[in-house]
Amino acid sequence: MRFVIPSAVDVHRMCTLLVSFNVRNKYNLHNSLSIQGLYTQTESIQSPNLVTPELDYVPLDGSSSPAPFKTLGFIDDLSGNFMIKQSCNGLMLCKSCYGADVFVYRTYFICNPSTRQYRPIVSVSHKQMKGHRTLSSISLAYDPLKSPHYKVVCIWLVSICFKAYSKFFVTRPKSRNLDYQIEIYSSETTSWKLSGEVSSKPRNYHFASSVFWNGSLHWIIDTGRLFYFNVDRELKLEMDTPLCDEELQMEVNYFGEFKSHLYLIISRVSLPTSFEILEMKTD
């Protein structure tokens with residue numbers, strides 16, 4: 001896999017939208033998914049740290065049809081601040097949290113707005129009581145063209161020497177690296193399992209939001225490298241991007257999937273209006 005510069009690309013940047021997700025996916029003759037509309041969730045004007053419960057709908061099929069729904073009121077156990085973290089082919093990964101300071105209770109769950117069904121997936125406080133230290137990243141992987149089942153991938157910061165299905169951790173002297181453990185939830189088995197061994201990464205490895213494409217989850221790390229994880233094969237790989245060249249001083253303007261292609265749009269810090277558009281190859 002490598003990034004190349006395409007000759008032409010139709011990329012839509014949605015800078016003002018915090019969260020968007022497709023709804024009412026349908027299959028077409030080419031075995032792909034068509035998107036009829038987007039939902040967006042915005043910050044509250046009164047409190048920038050909160051998001052509004054109402055959702056805005058943008059139709060993409062040329063019609064003026066009303067939104068299928070405006071809230072997720074069918075979810076019974078929402079409490080405190082509610083946020084949509086990610087969407088993937090019609091499913092949503094949501095977060096509900098309440099509390100103050102260090103005593104914040106967070107629950108993640110999967111929601112299908114078309115069927116008005118949802119399932120709690122991760123209670124961070126319960127996981128921490130079992131030895132997990134910090135939830136560094138949580139991602140949803142779902143491809144209905146391949147399987148009706150989805151998977152949720154968590155990257156946990158652990159306290160060193162994590163043994164499979166053990167509740168005990170061994171602390172080692174401070175180092176410049178941090179240890180991460182991947183854990184996968186499968187809707188087919190309704191169970192969690194650890195994936196691979198603990199990985200030691202530099203402290204500047206920060207797993208932000210991921211992009212699901214071509215069977216893998218992709219992250220752009222603070223170092224500028226691309227980290228990706230094949231969900232079915234449970235294979236971790238990394239590769240350099242132009243962001244790794246410190247002399248170029250590049251920054252990310254967009255990283256995401258569009259029409260079954262993965263794009264990375266970057267620009268020089270000194271010249272933010274000039275873009276380089278890179279496309280990921282599948283070979």
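Because the model is predicted, local features need pLDDT of at least 70 and side-chain atom pairs count only at pLDDT 80 or more, while totals for chains, interfaces and linings use all residues. Residues are numbered from 1 along each chain as its sequence is written, and side-chain values use heavy atoms, with hydrogens and water left out.

Of the 283 residues, 40% are buried, where buried means under 20% relative accessible area, exposed over 50%, and partly exposed in between (1.4 Å probe, protein chains only). The accessible surface comes to about 16,200 Å², and 51% of that surface belongs to carbon and sulfur atoms; such areas come from the Shrake-Rupley method with a 1.4 Å probe, and for residues only the protein chains shown count as cover. Among contacts (heavy atoms within 4.5 Å) between residues at least 6 apart in sequence, 43% join residues at least 24 apart.

Two strands are said to pair if DSSP finds at least two bridges between them.

Going across this sheet, β15 is joined to β16 (residues 216-220) by three bridges, and F212 has L217 in β16 as its bridge partner. Five bridges then link β16 to β17, with S216 standing opposite N230 in β17. The hairpin of β16 and β17 has five residues between the strands, and G224 takes a positive phi near 95° there. Another five bridges connect β17 (residues 226-230) to β18 (residues 235-239). In β18, K236 is the bridge partner of F229, and L237 is that of Y228. The hairpin of β17 and β18 has four residues between its strands, with E234 at a positive phi near 55°.

β17 is largely enclosed by the rest of the structure, because five of its five residues are buried. L226, Y228 and N230 point one way from β17, whereas F227 and F229 point the other way.

L262 lies in strand β20 (residues 261-268) and counts as buried because its relative accessible area is 0%. Leaving aside residues up to four places away in sequence, L262 touches V211, W213, H218, F255, G256, E257, L278, E279 and M280. The C-alpha atoms of L262 and T282 are separated by 9.6 Å, with the two residues 20 apart along the chain. G196, in strand β14 (residues 191-202), is exposed, with a relative accessible area of 54%. L60 sits in the loop between β6 (56-59) and β7 (81-88) and is partly exposed at 47% relative accessibility.

Methods. Helices (H or I, at least four residues) and strands (E, at least two) are DSSP runs, numbered from the N terminus.
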